[in-house]
Amino acid sequence: MTEQNILNCSFQSWYKNYEKITIKSAILKAPPSFVQYLLCDESVFLPDHSVESETRTSSSQPAIHDHRDRSSGAASTTSRLLSCEEFKDFEVYAKQIIKELGGKVFPKLNWSSPKDASWVAFNSSLCCQNFSDICLLMKSSNFITHDLSEPFKACSNSNTDSLPAVEYVLVLREWVDLAPSGEFRCFVKEGLLIAISQRRNQFFPFIQKDRLSIVERTKAFYEKYIMNKFPDKSVCFDLHMTSNKILLIDFNPFNHITDGLLFTWAELSGEEPLDSKSEEVVHGVTFRAVPAEGNQRVRP
């Protein structure tokens, strides 16, 4: 995997080409002060001018501090960042976008969402209604820190002296309640759709019954919108499927840094045979779902 493969999966690299088949989103260029703020300090300091009274956080969240009157270097740096006009202007812009998108958004950076930090939020949801919600989730997320500090770590040809510059963005996606049973991850290797995995670690009885339709619809979607159109021949993409609609959710590199879910990367890469049971293979695609209640995330 190369740095370019990573950059091709960055949200702003693909969104405009697939805007009509994905969730409505806004891409905000992240100013340096916001990036530095996300990387600064182990505690969670929220901008005092953005903490609306209705901020919805759980009782188990990490300590949240007012950034003023702190003597430590980290707090002093945070205070400086939060007080600068660039950061304040960015906050105002983000609030405007949240309003334009209906008042509820799903936040992410170029590649990752702060899903590993959902435990700090109200009802463990990534639904954000204000700027402080976004800051709380992103400041608490290791996935976000990885995006900012080492996005090319897994690349085979990485050279710290020649890494490409990254233009960081805050992506705000219109909040849509997606049924977990409709989420699937699809694996494309050298232009061929080779595997589809149920996305959520939960048993849904109808998925196995509908696997033929799921594979046929996914193949048709891939061939119409992605095949020979996405710049990389090997890639992973997530989609959400209902009875009458398919939404593209995201692209991820075809690499072990992307969760293989019900597949191992040894299988997907060809290091080990993809030993599929006959009932798993549909039109040449290996399809796996959680097979039974209590049998979650079982790999062969």
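The model is a predicted one.

Start with the aromatic rings. Across the whole structure, a search finds 19 aromatic pairs. One of them joins Trp 14 and Phe 251. Their ring centres are 5.2 Å apart. Their planes stand at 80°, so the pair is edge-to-face; the cut-off for that label is over 60 degrees. Trp 14 belongs to helix 2 (residues 11-14), and Phe 251 to strand 9 (residues 246-253). The pair therefore ties together parts that are 237 residues apart in sequence. Trp 14 and Phe 251 are both buried. They also belong to a cluster linked by ring pairs. Its members are Phe 11, Trp 14, Tyr 15, Tyr 18, Phe 230 and Phe 251.

Next, look at two helices. Helix 3 (residues 32-39) packs against helix 5 (residues 85-100). The angle is about 95°, and the axes are 8 Å apart. Angles of 65 to 115 degrees count as roughly perpendicular, and helix 3 and helix 5 are therefore roughly perpendicular to each other. Helix 3 brings Pro 32, Ser 33, Phe 34 and Tyr 37 to the meeting. Helix 5 brings Glu 86, Phe 87 and Phe 90.

Lys 139 lies over the face of the Tyr 37 ring, 4.6 Å from its centre.

Is Ser 140 buried or exposed? Its relative accessibility is 19%, so Ser 140 counts as buried; the limit is under 20%. A polar atom of the Ser 140 side chain lies 2.7 Å from the backbone oxygen of Leu 136.

Technical notes:
Residues numbered from 1 in each chain as written. Predicted model: local features only at pLDDT ≥ 70, side-chain atom pairs only at ≥ 80, totals over all residues. Heavy atoms only, no water. Phe/Tyr/Trp six-rings, centres within 6.5 Å; stacked < 30°, edge-to-face > 60°. Helix = DSSP H or I, 4+ residues; strand = E, 2+ residues; numbered from the N terminus. Buried < 20%, exposed > 50% of the residue type's maximum accessible area, 1.4 Å probe, protein only. Lys NZ or Arg CZ within 6 Å of the ring centre and 35° of its normal. Polar contact = N/O pair within 3.5 Å; in protein donor to acceptor, adjacent residues only side chain to side chain. Axes fitted to C-alpha atoms, helices over the stretch in contact; angles between N-to-C directions. Parallel < 35°, antiparallel > 145°, perpendicular 65-115°, else oblique. Contact = heavy atoms within 4.5 Å.
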